[in-house]
Amino acid sequence: MADFLLRAATMGIVATAALDLWGVLLNRTLGIPMANWGLIGRWFCHVAQGTYAHADIGAAAPFEQERAVGWTMHYLIGILFAAVTLALAGSAWIKAPTPFWPLVVGWVTIGCGWFILQPGMGAGIAASRRPDALRVRILNILGHTVFGLGMFAAALALR
C-alpha cells in the first residue's frame, strides 16, 4: 500500500507540475492567462459550505487563504487521478508503463472540469457561457493530454 501511495503521489505531483509548466509556456508564448487558483479555491471553499453552483464565482464571497486552497486541491486531485490510473492499469503496468492508461484517465478527467467545475463556477457546461468556449475546450483537452503524458513520464521514471 505504501508503494502505491508513493507512486500515486509522485505521478500526480509530476503530472500536475507538467500541467502548470504547460500553462506558463502558453502564457509566455501566446499570452493565454494562467489559471486563477484563488477563484478555484473560492469554489472549493463554497462547496465545503454546501454551495455548489454560482452565477459568477468572481462575485461570490471570498475566503481567506482561497488561493492556497485552490493550489492544494489542484495537486491533491492530480494525486487522486494518478491513483485511479494506477488502480486501472494494474501491477503489470507499473513494471512496463505505456501511455494508454495515463492518457485515458487524463482525457476522461476533462469531464470533471466540463461538467462539475466550470458549471459550478458559472461558466456553464464545457464553458458554454464563456465567449471563448471553443478555445477553453481546446485548452482543456491539450492540458489534460499534458497531464496524462506527465503521469506516463513519472511512471517510466519510477519503474
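**Side-chain contacts and burial**

Student: Which residue has its backbone oxygen 3.2 Å from a polar atom of the side chain of His144?
Tutor: This is a predicted model, in which local features require pLDDT of at least 70 and side-chain atom pairs pLDDT 80 or more, while totals for chains, interfaces and linings use all residues. Residues are numbered from 1 along each chain as its sequence is written, and side-chain values use heavy atoms, without hydrogens or water. A polar contact pairs N or O atoms within 3.5 Å; within protein, one must be able to donate a hydrogen and the other to accept it, and sequence-adjacent residues count only if both atoms are side-chain atoms. The oxygen that lies 3.2 Å from the His144 side chain belongs to Gly106.

Student: Which residues does His144 touch, if those up to four places away in sequence are not counted?
Tutor: His144 sits in helix α7, helices being DSSP runs of H or I of at least four residues, numbered from the N terminus. With contact taken as heavy atoms within 4.5 Å, His144 touches Gly106, Thr109 and Ile110.

Student: Is Arg7 buried or exposed?
Tutor: Arg7 belongs to helix α1 and touches Leu86, Ile94, Leu158 and Arg159, residues up to four places away in sequence being left out. Burial is under 20% relative accessible area and exposure over 50%, with partly exposed in between (1.4 Å probe, protein chains only). Because its relative accessible area is 15%, Arg7 is buried.

Student: How far apart are the C-alpha atoms of Arg7 and Met73?
Tutor: Along the chain, Arg7 and Met73 are 66 residues apart.

Student: How many of the 12 residues of α2 are buried?
Tutor: The buried residues of α2 are Trp37, Gly38, Ile40, Gly41, Arg42, Trp43, Cys45, His46 and Val47. Helix α2 is therefore largely enclosed by the rest of the structure, and the number of its residues that are buried is nine.

Student: Against which elements do the buried residues of α2 pack?
Tutor: Trp37 and Val47 are among the buried residues of α2. The elements against which the buried residues of this helix pack are α1, α3 (66-89) and α6 (110-121).

Student: At the start of α2, which residue has a side-chain oxygen that reaches to within 3.0 Å of the backbone nitrogen of Gly38?
Tutor: Gly38, whose backbone nitrogen is approached here, is itself one of the buried residues of α2. The side-chain oxygen that comes to within 3.0 Å of that nitrogen is from Asn36.

**Backbone angles**

Student: What is the phi of Gly50, the residue that follows α2?
Tutor: Most residues other than glycine have a negative phi. For Gly50, phi is positive and near 100°.

Student: Is Gln65 buried or exposed?
Tutor: Gln65 is found in the loop between α2 and α3. Although Gln65 is not a glycine, its phi is positive, about 65°. Because its relative accessibility is 54%, Gln65 counts as exposed.

Student: What is the relative accessible area of Ala127?
Tutor: Ala127 is found in the loop between α6 and α7. Its phi, near 60°, is a positive value in a residue other than glycine. Ala127 is buried, and its relative accessible area is 1%.

Key
Helix = DSSP H or I, 4+ residues; strand = E, 2+ residues; numbered from the N terminus.
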